[in-house]
Amino acid sequence: MYFLSSLALIAATVLTSLYFAFDYNPKGQEKIINWTKSIPYSEQFTSVIEKDPNKDFTILNIADLHVSDFEGPGENKKTKELLQHLIDITNPDLITLTGDQIWTDHSKNALLREIRWLESFEIPWAPVFGNHDNEGTANLVWQSTRLEDAKHCLYKRGPSNIGPLGNYVVNIEENGKIFKSLYMLNLGTDDNFTQEQIDFVEWNANGNKAKNNNVYPEGMCFFHKAINAFNKAWRNYQYDNSIAIGDVYRSFYIADSDCGNEFFEMAKSINVTDIVCGHQHGNHFTIPYEGVRLTFALKTGDNVSIYEDDENPDAYIVGATSITLFGENVNYTSNYVGKEYTLD
C-alpha cells in the first residue's frame, strides 16, 4: 500500500511538472483588422443563421461557467451533464455565452474542453468574453483562433482597433429578412464601451436597416457586465414590483453610475429591445426600462459563488436563462437546476 501511494504521488508530481513545463503562452493567429465608421458597410463582422418561419426560436444563455484546467474528471462530468440537461429541457436553436467561460491563470485546456462540449451538441453557439476569460495564459488572440475554427461557433474576433477583441453581430434571418440582430460585445478590463464600439454597433445597425426596408430590425445585446440602466431599472422595480418578468434576486452591486450611458441611448435609437448580461452570480432578473428588457442571466453551474439564502437552505439559484422569440413576442424562462449538480 505504501509503495502504491508513493507511486501515485510521484506520478502526480511528474504530471503536474509536465503541465507547467508546457503551459506556455499560446499565441494564436494574429489578424489585424482595422475599422472606421466611414468605410462602406459590409457583413465581414456578421454571422448569419436561419430561423424556421414555422417555429419559435429559442436562445439558451449560459453564464459564468468558470471552468479551469484543474477541475477533476468528476467535476468536468457534472458540468457536461449540466449543459446537456439544460439543452434537453430547452431545445435551443442558438446557445449564447455571456462571459467567464474560463478563469484562473491556467485555463487553455478548459477552453478546448468547453469547445468540444459545445460542438458535440451540434447547435450554433455564440460567446462573448468576460473579465476572467483573458486572465490566464490563453490570451484572446489564441482563444479567438480556436473559436473561429469551431464548426458550429458563430464567433468573430471583430476589429482590432475599437477596444478588446470579440465584437461582432449574429443576424437571425427568416425568409430573407432579418428577424433579430444580436450584438455580441466585449466590455474589456475597463468595464465600459469605447466610443469606437458604440460607433461600430451603430454602423452595423445602419447596414442592417438598409437591408431591412429602411427599418431597424429588433436588436438584442449580449455582454458580460451590467450598465447603469440596470440600476435605474432596479429602482423602478422598487417603486413598482409588478413590472418585473419572472423571478427577481439581487444580492450584489449592479453597476457604476457612468457605465454605458451613451451606449444605452444609442441602443434605444437603433431598436434594441433586450440586453442580457451575466457576471453577478446572485443578481437575476428581467426588468423593462425605457422600452428595453434588461436581464441578469441565471448563473450556470456552481463553480465560484452562487445565490444561496441563509433563511432558505433549499434555495439554489443556478441554471440558465432561455429566451423564446415568437413573432413580436419574447418569453424569458429561468431554468433552475438542483443540488444534484453541485461539485462539492
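Two strands count as paired if DSSP finds at least two bridges between them. Helices (H or I, at least four residues) and strands (E, at least two) are DSSP runs, numbered from the N terminus.

Welcome to the tour. You are looking at a predicted model, in which local features need pLDDT of at least 70, side-chain atom pairs count only at pLDDT 80 or more, and totals for chains, interfaces and linings use all residues. Residues are numbered from 1 along each chain as its sequence is written, and side-chain values use heavy atoms, with hydrogens and water left out.

**Stop 1**

Select residues 94-98, strand β3, together with residues 125-128, strand β4. Over four bridges, β3 and β4 pair in the parallel sense. Look for I95, which stands opposite W125 in β4.

Stay on β4 and show its side chains. Is this strand covered on one face or on both? Both: W125 and P127 on one side are buried, and so are A126 and V128 on the other. Buried here means under 20% relative accessible area, with over 50% called exposed and partly exposed in between (1.4 Å probe, protein chains only).

Now widen the selection to the whole sheet. This open sheet has five strands in the order β4-β3-β2-β13-β14, and the pairing is mixed. At its edges are β4 and β14 (329-336), each pairing on one side only. From one strand to the next, the twist averages 20 degrees; angles run from 0 to 180 degrees between N-to-C directions, and axes are lines fitted to C-alpha atoms, for helices over the stretch in contact.

β13 and β14 run antiparallel and are joined by eight bridges. Click on F326: its bridge partner in β14 is N329.

**Stop 2**

Next, select helix α2 (residues 73-90) and helix α3 (residues 108-120). They pack at an angle of about 30 degrees, and their axes are 11 Å apart. To see the contact (heavy atoms within 4.5 Å), show N76, T79, K80 and L83 of α2 with R113, W117 and S120 of α3.

Which residues make the contact? From α3 come K108, L111, L112 and I115, and from α4 come W142, Q143, R146 and L147.

**Stop 3: the seven-stranded sheet**

Finally, bring up the other sheet. This one is open, with seven strands in the order β1-β5-β6-β7-β8-β10-β9 and mixed pairing. Its edge strands, β1 (46-50) and β9 (285-289), each pair on one side only. Within the sheet, pick β6 (residues 177-184) and β7 (residues 219-222), which run parallel and are joined by four bridges. M184 has F222 as its bridge partner in β7.

Two helices complete the view. Helix α5 (residues 195-211) lies across β1, β5 (168-174) and β6, running at about 175 degrees to β6. Helix α6 (residues 228-239) packs on the sheet as well, touching β8 (272-277), β9 and β10 (292-296). The direction of α6 makes about 90 degrees with that of β9.
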